[in-house]
Amino acid sequence: MLDSTAHISSSGSQAPRLSSGDDAYTRIRRDVLSCRLAPGAFVTEPELMSAYGIRKTSCRIALVRLAHEGFVRSRPRKGYQISPITLRDVEEVFTLRLQLEPLAARLAAGRVDIELLRQLEAACRVRHPVLQLSDQIDVFMDANKAFHLAIAAACGNERLYRTLGVLMDEMSRLVALGFGVQGTKPEIKHDHNAMIDALAEGDGKRAETIARRHIETFQVMTLEKLYASLAQTGTAIPVGLAGSTR
């Protein structure tokens with residue numbers, strides 16, 4: 001059954017009841033990325049319409065867009081399934097990040113807005129004790145995504161930028177499932193600041209090395225939290241799904 005509080009925004013206040021397809025899509029998508037709509041869960045149009053205060057047309061527009069992105073799947077006579085997170089998903093996301101982000105860091109050296117990166121890095125570290133942990137993770141992931149995409153944007157490769165945007169959304173689900181269940185927020189430590197220094201100095205090779213180390217470290221942390229969460233909940237992460245398009 002769908003949680004009737006799913007339409008509450010990450011700031012803790014109730015989101016406005018808007019009927020447009022774009023707003024429905026944005027709100028449902030955010031709850032998918034934060035795992036408030038749990039991977040593998042089944043939902044129906046009436047449940048979503050009730051939880052988000054939206055009309056049937058808006059609901060269907062949102063679901064079509066989410067299905068196109070691979071975040072939900074239509075299941076005849078059952079409604080829709082929030083796409084499960086599989087071991088293959090985890091491996092593919094980190095494999096691509098390891099290929100693309102070090103390249104982006106090298107190309108962005110001497111070109112990226114350093115002051116913007118410092119602001120985004122600071123935002124990653126801000127603590128929000130008033131917010132629930134899931135909302136704190138949302139805030140962190142938004143700032144972290146903006147940090148990495150600012151570097152990607154500076155490298156001048158539009159396709160690389162778009163691809164990393166998709167990967168960072170996938171990362172949001174992995175982090176929410178792993179760290180959220182374990183009751184902790186990710187810690188970046190010193191990698192961001194070291195990368196900023198290398199980028200500011202125009203040292204592309206060093207920025208590339210730091211980016212690779214950062215992703216490898218975060219991969220280990222994320223897998224550790226994911227497996228701990230799955231063990232705690234008594235479930236197992238699927239290796240992969242037949243016919244999966246993700």
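This is a predicted model: local features need pLDDT of at least 70, side-chain atom pairs count only at pLDDT 80 or more; totals for chains, interfaces and linings use all residues.
At 26% relative accessibility, R36 counts as partly exposed, where buried means under 20% relative accessible area, exposed means over 50% and partly exposed is in between, with a 1.4 Å probe and protein chains only. Its partner is D31, whose side chain meets that of R36 in a salt bridge at 3.9 Å, N to O, and D31 is buried, with a relative accessible area of 4%. By salt bridge I mean a side-chain nitrogen of Lys or Arg within 4 Å of a carboxyl oxygen of Asp or Glu.

Residues are numbered from 1 along each chain as its sequence is written, and side-chain values use heavy atoms, with hydrogens and water left out.

A search of the whole structure finds 20 salt bridges. One of them joins E201 and R206, with the closest N and O atoms 2.4 Å apart; here E201 is exposed at 57%, and R206 is partly exposed at 31%. Another pairs E208 with K205 at 3.9 Å, N to O, and both lie in helix α9, three residues apart, about one turn of the helix. Helices (H or I, at least four residues) and strands (E, at least two) are DSSP runs, numbered from the N terminus. Of this pair, E208 is buried at 12%, whereas K205 is exposed at 58%.

Let me turn to helix α2. In α2, residues 45-52, the buried residues are E45, E47, L48, A51 and Y52. They cover an arc of only 160° around the axis, which puts them on the same side of α2, the arc being that of the directions from the helix axis to the C-beta atoms. The face turned away from that buried side carries the exposed residues P46 and S50, and just after α2, G53 takes a positive phi of about 65°.

Finally, the interior. A nonpolar core is a set of buried Ala, Val, Leu, Ile, Met, Phe, Trp, Tyr and Cys residues joined through side-chain atoms within 4.5 Å. The largest has 47 residues, of which L117, I151, L164, M171 and L199 touch the most other members, and α6 (133-154) gives the most to this core, with ten residues. A second, separate core of 19 residues includes A24, Y25, L37 and L66.
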